[in-house]
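Keep the sequence and the coordinates at hand while reading.

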Amino acid sequence: MAKEIRATTGLLALLGHPVEHSLSPQMQNAALEALEVDLVYLAFSVSPTHLGEAVAGLKALGFRGGNVTVPHKEAVIKYLDIIEMSAARIGAVNTIVNEGGRLHGYNTDASGFLRSLKEAGFDPAEKRVVLLGAGGAARAVAFALVEAGCRRLTIANRTLERAYRLAGILTGMGAEIKVCPLEERELQPYIEEAHLILNATSLGLAGGEPPPFSPEHLSP
């Protein structure tokens, strides 16, 4: 039986570009229905040029909140009223909560990522990690890894300047930080030594895209 949508049903949004591939509406709405919460979760494809208008629309239409995904996690901050401390430190927001007409920005990527590693039986402490990407999701993951005690974090990104900016923020937090281009020849030595490889780029969203390295370089 389909969920009943009433005039009083609260609204939650996913803002990203693109979002057509996202399974979040199916997962979130199934959870809301199972918990008997009168909310509906909708995905909106918002181009970067219209992000400010979209966020203002959430407030104007009384949305209860929602999520932010690629490529808006960093850019959305300037349109929010209050930024939670860890989100401000990371410099990225993935969750918005409307509290009395004021939009609060949070980052659950870091804690959620560490929890997923723990559930998989992987401890990042003293490990060598390769992180593909340097955007909003990558920033959260990088902070989480460094704070969890990883030995070396290699940030590989198409735009080296962005990777170096992230590396500069992480320097002095305890881990060895490396930067390299997102190219197989440059990546190979780090891939061969890595205990963990993370994709925080848009690679794979379109489907059929090969990874930027050969799987034969993966260690056991």
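The side chains of Glu74 and Arg139 meet in a salt bridge, at 3.8 Å from N to O; the term stands for a side-chain nitrogen of Lys or Arg within 4 Å of a carboxyl oxygen of Asp or Glu. Glu74 lies in the loop between strand E3 (65–68) and strand E4 (82–83) and Arg139 in helix H5, so the pair ties together parts that are 65 residues apart in sequence. Helices (H or I, at least four residues) and strands (E, at least two) are DSSP runs, numbered from the N terminus. This is a predicted model, in which local features need pLDDT of at least 70 and side-chain atom pairs count only at pLDDT 80 or more, while totals for chains, interfaces and linings use all residues. Residues are numbered from 1 along each chain as its sequence is written, and side-chain values use heavy atoms, with hydrogens and water left out.

Glu74 also forms a salt bridge with Arg162, at 2.3 Å from N to O. Arg162 lies in helix H6, so this pair ties the loop between E3 and E4 to a part 88 residues apart in sequence. With 24% relative accessibility, Glu74 is partly exposed, and Arg139, at 13%, is buried. Buried means under 20% relative accessible area, exposed over 50%, and partly exposed in between (1.4 Å probe, protein chains only).

Elsewhere, Glu193 forms a salt bridge with Arg152, the closest N and O atoms being 2.7 Å apart. Glu193 belongs to helix H7 (residues 184–193) and Arg152 to strand E8, 41 residues apart. The structure holds 13 salt bridges.

Strand E8 leads on to the sheet. E7 and E8 run parallel and are joined by 5 bridges; strands pair if DSSP finds at least two bridges between them. Leu131 stands opposite Ile155 in E8. E7 also pairs with E10 in the parallel sense, over 4 bridges, and there the bridge partner of Val129 is Leu196. Since 4 of the 5 residues of E7 are buried, this strand is largely enclosed by the rest of the structure.

The largest nonpolar core has 28 residues, and those with the most contacts inside it include Phe113, Leu153 and Ile155. Such a core is a set of buried Ala, Val, Leu, Ile, Met, Phe, Trp, Tyr and Cys residues joined through side-chain atoms within 4.5 Å. H5 gives the most to this core, with 8 residues. Apart from it lies another core, of 15 residues, among them Leu51, Leu58, Val93 and Leu103.
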